[in-house]
Amino acid sequence: MKQTPFHKLTPRAIRVWQLGNAIGNLFFFAIPVVYGAVFGTQGFHFWVIAATSLLFVVLWVLSIVLFPYLTWKNWRYSIDEKEIDLKRGVLMKNRTLIPLSRVQHVDTRQGPLLRFYDLASVTISTAATTHEIPALDAVLADRVRNQISTYARLAEEDV
Amino acid sequence: MYEFQRQHPVAAISRAFGLIRGNLITILVFLFVGARSESFPFLWWIAGGFALLLILGVANWWRFLYKIEDGELHIKSGIFVRKNLYLTKDRIQVIDITSGVIQRLFGLVKLDIQTAGSSSREAAIEAVTIEKAKEINRILRSQKGDGEQINVDENGEPAVKDEIKKIFNLPGKELLIAASTSGSFGIALSILATLFSQIEPIISESELFEYLFGMLPSQTDTILIISVIVIFVVVAWLISFFSTLFTYGDFHLELKEKEIVISRGIFEKKRITVPYNRIQAIHVAEGLIRQPLGYASIHLESAGYGDDKGTGSIVLFPLIRQDQILPLLDEVLPDYQKHHEGIKPPARALRRYLLRSAFLITAITAALYYAFDLNNWIWILPLLSIFWGWLKYKDAAVAWGEDIFLFRSRALSKTTAYIRKNRVQDITISQSWIQRYRNLCSVQVHVASGDQGKSFAVRDLEYDEAFILMREIKGKTELTQEFSDLTEPERWISLPGWPQAAN
């Protein structure tokens, strides 16, 4: 029996996540700022602010330099007539199998960031859960969506 | 049936009351807050509110039309925004017939037709006569279509009634046990606490409060606090006792050819019809108090909306003796196998189970112990949590058969779930980095239940053995290289382990 190949996400996904994290995680710096506004920046409070700021700077840099790459490296998906198979996770490794007969609907989504890089995500909904293949090339995403919906129609069953 | 018609006018009132009941706590809070500000023409506001509700109710009733045509229910509703709802009978998951106190005064019922996902709550007809409800039910449940005439006996019951194969009742003694060990105790407590926090300022200002305090023997603060707690617990227990009593009183489970009918309730009578092929999963829950007493409750998952918010869980049987579980399941799920050989987490997983349940509790206890210089007895909590972890380990197991999965695990109550393989929406095997080190993993499956689904999971199974479950979902004919390498593990426990009644 032929093994269904597992695909990786496009490497451009790394860029998107880097940009997204760079903007989104700036929010965490609000914590030391608010702390400083409330308690002042003298003595003991100075060290609290310095320590948290340093921690957040390190995390912020890691979330740009390292985490997107690791996430990308660990993402695999495979789709055939019977099921969708997703592998993901860096520290917590997950493997999810969705029988195609259980797929209720599938759609592609494109936020401003993804559009900027000409990417899209594919969202697969069953009667119970929703799964996402993030950051595929927009053309590929459309193809994947159409493929899943064709397979799902073939495997038509009720809830 | 074939032309648009209105509901019974009582719908207008019952809808208004439904709104009041749904927002009871908000309204009570509003009343108490309002009662304290005297500058406010307070009674006028209440009267105005009720008048508005009534007008809305009447308007809703007037604009609500329904008909059945070609086996399809068509509802037009909405005062300003008209909504047209078409419901075909092959989409129906569960049919719910409720008669509240108001409806019963007029011999009416509320008909609730559930489709998949609890966002489809609109298909409810608030007040129709029992005969009409039965006819709608019959038309929507009939397999051949609506044209045929079914003989109706003198009570207005369709003649198909005699297809009832078996009835299970809940004896009074077991109803009382169910009520006194009900899990809704915690919910009652939290509602009570919310109410109390709102009423408390009023009571403490009133003379009644001082009077009550005068009545109590002179006391220290500790005794006062303890007695308040005791009163709270007792009242919460009473609330949960009576609410369970009223909800599950007069309980019957009827098994028919194609569907099961659950009827229950003393004041508000409910009649839930679930076709067998709409059952997504069945799980048996043995609560902390009920399990030692030898009792359990049985629940089913449907894709409609169930007893709790958000999920589609319906109580199939509120309390049953352990040795009666399998005989009952034999009737409800004749095509499921009940017994399976299964696997448990390996012995090296025990440590993780113990750590997981004991770690946090022990840390908190230690912190509190040193911070507040507590009594040594507080250390019984970590001991209990270790015992709890051991129970979780002992109960965790999975089994699989021709077309079924059995998942057994414990949060507080021990849950044994029967899931048909073709009802599994997805299966996930996850492995944290610590589990990877120990070559363990967790398995989780989702089934449809309400609009969110329900998951059943077992933690810390042997990594390779868990993939057997994934292979089972793939179907044995479609084995890929990766899965065909799996060796069949030795299944060394038998699920479920309930005692069987001697025949």
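A residue counts as buried if 20 or more other C-beta atoms, placed from the backbone, lie within 10 Å of its own. Keep that in mind as you open chain A: buried residues make up 25% of its 159 residues.

Before clicking further, note that this is a predicted model, where local features need pLDDT of at least 70, side-chain atom pairs count only at pLDDT 80 or more, and totals for chains, interfaces and linings use all residues. Residues are numbered from 1 along each chain as its sequence is written, and chains are lettered from A, with ligands numbered from 1, in the order in which they are written.

Now switch to cartoon. You'll find six helices and six strands in chain A, taken as DSSP runs (H or I, at least four residues, for helices; E, at least two, for strands). Tracing the sequence gives α-α-α-α-β-β-β-β-α-β-β-α. The radius of gyration, over C-alpha atoms, is 20 Å for chain A, well over the 15 Å from the globule rule (2.2 Å times the number of residues to the power 0.38), so the chain is more spread out than a compact globule. Its C-alpha atoms fill a box of roughly 70 × 30 × 30 Å along the principal axes.

Next, select 12-69 of chain A for domain 1, then 76-154 for domain 2; these bounds come from an automatic or database domain assignment. Their C-alpha centres lie 32 Å apart. Six residues from each domain take part in the contact, where contact means C-beta atoms, placed from the backbone, within 7 Å. On the domain 1 side, pick out three nonpolar, one polar and two charged residues.

Note on methods. Buried ≥ 20, exposed ≤ 12 C-beta atoms within 10 Å, placed from the backbone. Contact = placed C-beta atoms within 7 Å. Nonpolar A, V, L, I, M, F, W, Y, C, P; charged D, E, K, R; others polar.
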